[in-house]
Amino acid sequence: MKDACAREITYLRLSVTDLCDLRCRYCMPPQGVPKRPHDEICSVEELVEIVRQAAALGVRKVRLTGGEPLVRRGILDICRGIAALEGVEEICLTTNGTALSRLALPLREAGVDRLNVSLDTLRPDRFAHMTRVGRLEDVLSGLKAARTAGFTGTKLNVVLMKGFNEDEIPDFVNLTWREPLEVRFIELMPIGEGTREEFLPSSAVLEACPELEAVDVSGVARRYRVPGGRGLVGLIEPLSRCFCSGCDRIRVTADGRLKPCLHSEQELPLRGLSGLALRQALQEGIAAKPPRHHLAETGRSGAGRTMNQIGG
């Protein structure tokens, strides 16, 4: 299905929880977020039905997000249910990686095709500081378990932050020389706990690693390669390079609200709907997708929620 700007919408980012087992400083308050009553969050059946109707409208790729999706009770049932739907060609999952040691193989068996792992530093002390409660070794063990389980094409999502990890840019890039990974450097968006003082443009990556050679554009990422390297480096630039004209996605929050655009307050309730009524609500949301965000003009996201509440 096309939106009002003639963009083909084929990608659904589906949040399954707003909870997380880490407390990353740019994302979550120190105490985390209050656990919501069970009946305020979409059930397994509701989430699968949302994807069923989205697939009927042309959605082919589904990304499961959170919070941290692997803390969601029933996550494997959600994956299995979506994998069985006609029209869904790819299921991806974005995770902080802390639970992959025990869940990588079950996720693969449940139908997940590909993983994105959020990892902003390769230094244990910095990881502990940024996440407040996490251990880098758990994520590294999870990545190893994912390889053993047969996952390929794994991507590392690295949020660029001035004063925190700019000196690690070469270390992350060197990973792609040794491993068939795609390391994606993402500009910090002005949403939630992040501050403008921490913003680091993606150009810092090319300045730190001038040897990088341009390869192509894939989705929202400009991709590069270290000569002779096994992997890729991606730059995702929501502030430096607006890519709204090619946006092919919609988002659904864990409490069942459709967000046509990440950076807009606009939300459409989906809970309580099923079948054709749900499909029509999704159609209305797609039709309401705005032409672009206004981060450059306002300096702040208009999302109205933090990323853990929307779906990272």
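Me: How many cavities of 30 Å³ or more does a search of the whole structure find?
Reply: This is a predicted model, and a search of the whole structure finds one cavity of 30 Å³ or more. The space in the largest cavity comes to about 30 Å³.

Me: Which residues line the largest cavity?
Reply: Its lining consists of Leu-143, Ala-146, Arg-147, Thr-154 and Leu-181, and by class these divide into three nonpolar, one polar and one charged.

Me: Switching to H1, at what angle do the axes of H1 and H2 cross?
Reply: Helix H1, residues 44–56, and helix H2, residues 75–83, have axes that cross at roughly 30 degrees and come within 9 Å, which makes H1 roughly parallel to H2. This crossing of H1 and H2 is right-handed.

Me: Which residues make that contact between H1 and H2?
Reply: Val-44, Leu-47, Val-48 and Val-51 of H1 meet Asp-77, Ile-78, Gly-81 and Ile-82 of H2. The contact of H1 with H2 divides by class into six nonpolar residues, one polar and one charged.

Me: What about H1 and H8, are they roughly parallel or roughly perpendicular?
Reply: The axes of H1 and helix H8, residues 275–287, come within 9 Å and cross at roughly 65 degrees, and that makes H1 roughly perpendicular to H8. Here too the handedness can be stated: H1 passes H8 in a right-handed crossing.

Me: Which residues are in the contact of H1 and H8?
Reply: From H1 the contact takes in Glu-49, Ile-50, Gln-53, Ala-54 and Ala-56, and from H8 it takes in Gly-275, Leu-278, Arg-279 and Leu-282. By class, the contact of H1 with H8 is made up of five nonpolar, two polar and two charged residues.

Me: Back to open spaces: how much space lies in the second largest pocket?
Reply: About 410 Å³ of space lies in the second largest pocket. The lining of this pocket is formed by 15 residues, and those that lie nearest its centre are Leu-19, Lys-35, His-38, Arg-72 and Arg-73. Taken by class, the lining of the second largest pocket has seven nonpolar, three polar and five charged residues.

Me: Now the backbone. Is the peptide bond from Gly-66 to Gly-67 cis or trans?
Reply: The bond from Gly-66 to Gly-67 is cis, with omega near 20 degrees. As for where that is, Gly-67 lies in the loop between strand E2, residues 61–65, and H2.

Me: And what is phi of Ala-6, positive or negative?
Reply: Ala-6 has phi near 65 degrees, which is a positive value in a residue other than glycine. Ala-6 is found in the segment before strand E1, residues 11–15.

Notes. Residues are numbered from 1 along each chain as its sequence is written. This is a predicted model: local features need pLDDT of at least 70, side-chain atom pairs count only at pLDDT 80 or more; totals for chains, interfaces and linings use all residues. Side-chain values use heavy atoms; hydrogens and water are left out. Axes are lines fitted to C-alpha atoms, for helices over the stretch in contact, and angles run from 0 to 180 degrees between N-to-C directions. Helices (H or I, at least four residues) and strands (E, at least two) are DSSP runs, numbered from the N terminus. Angles under 35 degrees count as roughly parallel, over 145 as roughly antiparallel, 65 to 115 as roughly perpendicular and the rest as oblique. A crossing is left-handed if the near helix is turned anticlockwise from the far one by less than a right angle, and right-handed if clockwise. Contact means heavy atoms within 4.5 Å. Ala, Val, Leu, Ile, Met, Phe, Trp, Tyr, Cys and Pro count as nonpolar, Asp, Glu, Lys and Arg as charged, and the others, Gly among them, as polar. On a 1 Å grid over the protein atoms alone, a cavity is a set of points where a 1.4 Å probe fits but cannot get out, and a pocket is an open set with protein on both sides within 12 Å along at least five of seven lines; lining residues have an atom within 4 Å of a point. Grid points are joined across faces, edges and corners, and a volume is the space filled by probe spheres set on the points.
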